[in-house]
Amino acid sequence: MTLQVRLVVFLISVAWLLFVLRMVKNRKIWERYAILWVGLGFAVCLMPIIVGKTDAVLTALGVVHPPSFYFLIGLLGVLLIILQCTVEITTLVRQSRDAVQDLAILRERVRHLEAELARLGSPPAARGER
Amino acid sequence: MIDHLVSLGRRLTGRDPVQPASGGSASSAAASVLETSPAASPGALPATPPVPRKRTLIVIPAHNEEENIVEVLDELRSLGLEHDVLVVDDASRDRTQAVLQRRGQRHVRLCTNLGYGGAVQTGFKYAVEHGYDHVVQMDGDCQHDPASIPALLQPVLAGEADVALGSRFIGKLCYDVPFLRRLGIALFRSVVSFFMKQKITDPTSGFQALDRKVLEFFTDDTYPMDYPDSDVLLALHFAGFRIREVPVVMRPRTRGQSIHGGWKTFYYLAKMFLAIFMVLLRHFRRKIR
């Protein structure tokens with residue numbers, strides 16, 4: 001990888017990291033959901049620096065094509081983020097289910113109480129009382 | 001809001017508006033489960049303790065069932081059962097809610113579609129909150145014959161079972177179950193019967209009578225939102241609940257759309273296998289611990 005390419009990749013990575021951090025700062029993403037994004041952003045920033053320097057280690061570990069290894073790491077990072085999103089979706093669905101159910105039950109209760117109040121507020125004759 | 005209504009009621013009447021109501025009113029709550037003895041006169045022996053009256057709620061989940069629900073409710077009314085009926089309208093897009101309102105039928109309407117399990121669970125939560133002792137769960141598509149309700153409830157009322165499962169295969173099946181569905185039922189029947197060490201002929205039946213303990217068990221996160229079938233039976237069995245099958249009459253659906261069918265069949269099969277596997281995994285993990 002030439003120095004120019006490394007520099008371009010590094011600048012893109014830093015821009016991406018800053019973009020994520022800015023979104024966190026503006027509360028577009030909460031910190032708890034941004035941890036993986038920020039971690040992955042830092043990892044991508046390190047890529048242009050470490051690519052080439054770790055090839056000897058990776059080859060010694062039996063990796064035939066080091067760039068494929070970097071792709072694998074990137075893919076696993078993205079999968080981790082997707083998994084976190086799925087967990088969060090499950091939690092949200094659970095919470096909205098409970099909210100919808102409670103709301104429906106409460107609405108019925110309010111409707112019943114309103115009917116009861118209307119009945120109590122009506123003249124005794126209308127209530128069937130003498 | 002409720003506090004406001006209650007205080008308004010007090011101001012209007014000088015008494016608590018939430019009184020035990022006749023006809024098994026929704027807000028009668030725990031107070032109405034007690035049938036007290038006549039008021040004791042001064043100096044008389046202490047009054048006998050209140051005798052608890054068992055209360056049963058029939059829960060009917062309905063999604064786009066404007067054509068069927070009227071028939072189901074009419075049938076229930078004609079039987080003259082003394083149970084309260086709650087229809088859970090699962091965000092129907094047709095006139096189901098209008099039909100229920102016009103009839104003055106007690107119902108809760110979910111503001112968004114939760115699916116069959118989510119609607120049934122709402123009924124369970126309602127029953128627990130309002131102090132019911134038993135629930136009969138039946139579909140709003142006319143397939144479950146309400147005349148089978150007394151037989152279905154009997155083992156639960158007698159304390160012989162916590163769940164009575166209505167079976168169309170030991171009862172009367174008035175229609176041909178499609179081949180694929182029959183195959184699925186046979187498959188899940190074998191799996192459930194094997195792990196429960198008890199013959200279950202209709203593990204996918206949604207016609208059930210349940211005891212309050214089961215309702216409380218189901219109000220947490222264990223109840224699936226889409227298809228509560230064989231996985232739920234296994235979870236109940238592993239939790240120590242007694243399940244008994246009761247013959248019931250099931251009829252063909254003549255109107256409206258089933259929750260099964262089309263691509264959903266494949267989703268159902270895949271999801272059910274995964275859910276059963278997870279129930280077994282949780283159970284055996286607990287056992288190992």
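Analyst: At 43% relative accessibility, Phe19(A) is partly exposed (buried means under 20% relative accessible area, exposed over 50%, partly exposed in between, with a 1.4 Å probe and protein chains only). Its partner in a tilted aromatic pair is Trp16(A), with 6.0 Å centre to centre and 35° between the planes. Rings of Phe, Tyr and Trp (its six-membered ring) pair if their centres lie within 6.5 Å; planes under 30 degrees apart count as stacked, over 60 as edge-to-face and the rest as tilted. Trp16(A) is also partly exposed, at 39%.

The model is predicted: local features need pLDDT of at least 70 and side-chain atom pairs pLDDT 80 or more, while totals for chains, interfaces and linings use all residues. Residues are numbered from 1 along each chain as its sequence is written, chains are lettered from A and ligands numbered from 1 in the order written, and side-chain values use heavy atoms, without hydrogens and water.

In chain B, Tyr227(B) and Tyr267(B) form a tilted pair, 6.1 Å centre to centre with 50° between the planes. This pair links distant parts of the chain, 40 residues apart: Tyr227(B) is in the loop between helix 7 (212-218) and helix 8 (230-238), and Tyr267(B) is in helix 9 (residues 264-288). Tyr227(B) is buried at 7%, whereas Tyr267(B) is partly exposed at 37%.

Over all chains, the count is 14 aromatic pairs. Phe124(B), Phe217(B), Phe218(B), Tyr223(B) and Phe241(B) form one aromatic cluster.

As for charges, Arg55(B) lies over the face of Tyr132(B), 4.1 Å from the ring centre, and Arg189(B) over that of Phe169(B), at 5.0 Å (NZ of Lys or CZ of Arg within 6 Å of the ring centre and within 35 degrees of the ring normal).

Key:
Helices (H or I, at least four residues) and strands (E, at least two) are DSSP runs, numbered from the N terminus.
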